[in-house]
Structures are given as structure tokens and as C-alpha cells.
Amino acid sequence: MRFFVTGVGGQLGHDVMNELLARGHEGVGSDIQPEYSGVRDGSAVVSADYVQLDITDKDAVTKVITDIKPDAVIHCAAWTAVDAAEDEENIDKVRAINAGGTRHIAEVCRELSCKMTYISTDYVFDGQGTEPWKPDCEEYAPLNVYGQTKLEGEKAVTELLSKYFIVRIAWVFGRNGKNFIKTMLSVGKNHDTVRVVNDQIGTPTYTYDLARLLIDMNETEKYGKYHATNEGGYISWYDFTCEIYKQAGYTTKVVPVTTAEYGLAKAARPYNSKLDKGKLVEAGFTSLPTWQDALARYLKDIDY
């Protein structure tokens, strides 16, 4: 198959490109930077075809994807700075990327009749209650600009296409870029005690594992909305931090606090980020490994 992947300078896009090339597929990657800006460690993505693309430029999106003629597009590019998205001067830009850019891509996919995978988020829900969110639930009520614009992207895909995978994920970490694990390792190295919220519940997602699932999906025609995080149970950010330090051999003390006690964040966060992944199994896809196992593999793969 021939793939076009957006956002290859980010955590997920980098791993998606490596995975599809490892399987013998053709791939062209894109991002906003003139040249590939991700980790350069000999990974396959470094030698892949790359094209600069601003997804908010409709004409550019049309020309690039039409020229490539992919069988499938995996759309990983997004504005993901959740707090910065709340700033008045950024809102239009966030919407242009997450909603407008996604619509531009979906329109080309419709014209070419190719598959499209859109990476979405638990933030499309309001995060209330205790039950895990099911992928076909339509009780949307985003709490922040990021969640709202990602939901608008989802709607663009479902309005325009039938051959789509919408995959919602949460608490993402990967080698290529910043993430919670890297932040906590840095903080834990320089502080005796850290405060971490314990009333936001979800499950981490390792981009290496997710990338393999996304290619699995695209090798089928089992279209629809899915939830995909690692297995291993639902946890809080506090629980996650404790396990990070345990596996890393840190002795840093972790103090649990409520979201209200922690303060700081501009954007409201969902308390309940539990995603029900049963539909994956029902469709015959292999579940992601446990987050504990993913964390262990990740720590072996990074410098800290």
C-alpha cells in the first residue's frame, strides 16, 4: 500500500512512518517544517520521502495529496498544546489546524476514494461520570478549545467520508518529542518531592504500539470509530508517576493532590478519560500491550 502521513515530526507520526516502512509499504511523510525535524537515530523515517505541508493551505493540501495518490492517509498532525489553545490569539489558528486542516485532507481523500485515519482524543467528551466512554457514544461536550476543535475535525471526516478510521487516544508518549514521562523524569531528577493530580483517570498510550495498530487497521476495511490506549487498567497521573519513578529507579517522593489543589492549568481537563476499547477486540484487532510493559520498553529506549 502507498501511505501519506501528516505530522511525522511528532511522536505518533514518526512511529507510524517507521512501522509502515518496516512492513514494506510505501510512505510519504509531511509536516510544517521545511525538512524532517524529528529524532535522527537511524530510524527508517529519516530516509523516507518527505514533503513540507501546511495543512491549513487548502490548495497545497489538494496538490500534495493528489500528486502522491495514496491508498491511505494517516492524519497525525494537530495542534496539541492544550493550554496554549485557550489563548485568544491562538484560537483561530487551533481551529484552522485541527478542524480546517482535517477537512481539507478529508475532501481530497473523498476525491481520490482513499482511506483516511484521523487521530482524535478523549477530550471530545466532558470527562464526567465513572463509566468508560464507548467509541460510538455521541454525548460530546468538550471542556476546552483543543477538545472542541478535535471534535470539529471528527465531524468533517464523518460528513465527507465512509472509508475512515477515527481513533481516539489519551495520555500519549513516544520517543520523538515532549511528553509526561520525559517531564516527570526531568522533574524527579532535580526535586526530592513532586505533586501530581490523582483525580484524573485514564490510560497511557505508547505511540510505538499504537502505530502498529493503525497499520493493522489500514490493512483492512473495518472502518469506524475506535478507542485505542494500552491495556493494564485505568490509573491516575499520580499512579503513573509512581510507576515511572519505580521503574526508573528514582527515590523522588510523589504527593497526590486534587486538580483544584494543583491549579495552574488554563484549560479544563476531563476527570474521566477512561476509553472503552472493546470494539477493537470485536473487530479482530490485537489489543495494545499493558502500559506497564510499554513504559518498561520505553525507558530502555530513551536517555534520562
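The axes of helices H5 and H7 approach within 10 Å and cross at roughly 65 degrees (axes being lines fitted to C-alpha atoms, for helices over the stretch in contact, with angles from 0 to 180 degrees between N-to-C directions). The model is predicted: local features need pLDDT of at least 70 and side-chain atom pairs count only at pLDDT 80 or more, while totals for chains, interfaces and linings use all residues. Residues are numbered from 1 along each chain as its sequence is written, and side-chain values use heavy atoms, with hydrogens and water left out. Helices (H or I, at least four residues) and strands (E, at least two) are DSSP runs, numbered from the N terminus.

**The H5–H7 crossing**

- H5 passes H7 in a right-handed crossing (the near helix is turned clockwise from the far one by less than a right angle).
- From H5, the contact (heavy atoms within 4.5 Å) involves Phe-180, Ile-181, Met-184, Leu-185, Val-187 and Gly-188.
- From H7, the partners are Trp-237, Phe-240, Thr-241, Ile-244, Tyr-245 and Ala-248.

**Aromatic pairs**

- The structure holds 18 aromatic pairs (rings of Phe, Tyr and Trp, the last by its six-membered ring, with centres within 6.5 Å; planes under 30 degrees apart are stacked, over 60 edge-to-face and the rest tilted).
- Phe-180 and Phe-240 form a stacked pair, 5.8 Å centre to centre with 15 degrees between the planes.
- Because Phe-180 belongs to H5 and Phe-240 to H7, this pair ties together parts that are 60 residues apart in sequence.
- Phe-180 is partly exposed at 22% relative accessible area, whereas Phe-240 is buried at 1% (buried is under 20%, exposed over 50% and partly exposed in between, with a 1.4 Å probe and protein chains only).
- The ring centres of Trp-237 and Phe-240 lie 6.4 Å apart with planes at 40 degrees, so this pair is tilted.
- Trp-237 is buried at 15%, and its position 3 residues from Phe-240 in H7 corresponds to about one helical turn.
- Ring pairs link Trp-171, Phe-173, Phe-180, Tyr-206, Tyr-208, Trp-237, Phe-240, Trp-291 and Tyr-298 into a cluster.

**The buried face of H10**

- In H10 (residues 291-301), Trp-291, Ala-294, Leu-295, Tyr-298 and Leu-299 are buried.
- Viewed down the helix axis, these residues fall within an arc of 130 degrees, so they line one face of H10 (the arc is that of the directions from the axis to the C-beta atoms).
- The buried residues of H10 pack against elements including H5 (180-190), H6 (207-218) and H7 (237-248).
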